[in-house]
Amino acid sequence: MALEHSPPPPATEGRTGSNTSLRGDYSRADSDYVVAQDWSAYTAEEHALYVRLFQRQSRLVPRYACTQFLDSLARLDAGSAIPRFDAVSARLRRATRWELVAVPGLIPDDVFFRHLANRRFPVTVWLRKPEEAEYIVEPDVFHDFFGHVPLLFEPVYADYLQEYGRGGLKALGQDALDYLARLYWYTIEFGLIREGGHHGLRAQGNGLRAYGAGLLSSSGELAHCIDDAAAQRTRFDLLRIMRTRYKIDSYQPRYFVIDSFEQLLAETRPDFTPLYAKLRGLPEFSAEEAAPEDVPA
Ligand code: PHE
Ligand code: FE
């Protein structure tokens, strides 16, 4: 099966530390794991592969990506070479006060959350090898840039991501990272949105679109998550998501669907402390199993 997504972002099995198999060069990183992008070091072959990946996804997203992603992508004009992070940061600062920082690859949870909480999005500097065009285990510059950066121009989404970073720092102190990581996974990486809301369906199709970066940068799962009748789609439910494990080595059996980024921001605004306490007493769901309270989306 051809798939492509990023591994567990915050939390879970060793992002760094004990895991010595990470492929980035961490030797020149500062204490926040930030490096120089060194744009001139990319080879012509790397730029060409990036362009190929960009074109492949650009053919898919008009049918499958949410409107805000498409609008930003069109304005970004980032399809002719691996982008210069500095130039994109200058535009992002003006749009939503976010900026990009270059990193060697996966970084420790606390560092990752601190960047997000300060409206800095870490983008991996290296590009996958040609034989990894369809599938890559660690996030690379294509996943991070194409999947994550366009929505940073969307003000409500941008606020949500900062709040997530703050929530991550808080969850670290409450030993609740496993719960919060599931929220990242089922929204920021694999989230779906029903444009026009669950009641008023859009004229074109039923308004179901992807906003998760793992979907937007994937050659196969992007169509699968929308078109495949076997994919389970459930209305966003914070507690349900935090009880649900996820798959890192196959398509997701289940996606959670929001109505709007405003809904996402509003439903995650309350203090999670009592929620984490409640979760500790509740059984978990496997990635595929259905819950009695699930509402199809
Ligand atoms: N409200 C959450 C808390 O109190 C923080 C958060 C916001 C986490 C948005 C994720 C997303 O911990
Ligand atoms: Fe990602």
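Is E189 buried or exposed? At 2% relative accessibility, E189 counts as buried, where buried means under 20% relative accessible area, exposed over 50% and partly exposed in between, with a 1.4 Å probe and protein chains only. This is a predicted model, in which local features need pLDDT of at least 70, side-chain atom pairs count only at pLDDT 80 or more, and totals for chains, interfaces and linings use all residues. Residues are numbered from 1 along each chain as its sequence is written, chains are lettered from A and ligands numbered from 1 in the order in which they are written, and side-chain values use heavy atoms, with hydrogens and water left out.

**The iron site**

- Three residues coordinate the iron ion (ligand 2): H143 through NE2, H148 through NE2 and E189 through OE, at 2.0 to 2.2 Å.
- Donors here are N, O and S atoms within 2.8 Å of the metal (3.2 Å for Na, K and Ca), and because water is not among the atoms, sites may look incomplete.
- Along the sequence, the donor residues of the iron ion (ligand 2) follow the spacing H-x4-H-x40-E.
- H148 in helix α5 (residues 141–148) and E189 in helix α7 (residues 177–189) are 41 residues apart, so this pair links distant parts of the chain.
- Helices are DSSP runs of H or I with at least four residues, strands are runs of E with at least two, and both are numbered from the N terminus.
- Like E189, H148 counts as buried, at 3% relative accessibility.

**Around helix α5**

- Helix α5 is mostly covered, with eight of its eight residues buried.

**Q162 in helix α6**

- Q162 sits in helix α6 (residues 155–173) and is buried, with a relative accessible area of 11%.
- Leaving aside residues up to four places away in sequence, Q162 touches W98, L116, A117 and R119, a contact being heavy atoms within 4.5 Å.

**The whole chain**

- The protein chain has twelve helices and six strands.
- Its radius of gyration is 18 Å, close to the 19 Å that the globule rule gives for 297 residues, so the chain is as compact as a globular protein of that length.
- That radius is taken over C-alpha atoms, and the globule rule is 2.2 Å times the number of residues to the power 0.38.
- Of the 297 residues of the protein chain, 57% count as buried.
- Among contacts between residues at least 6 apart in sequence, 74% join residues at least 24 apart.
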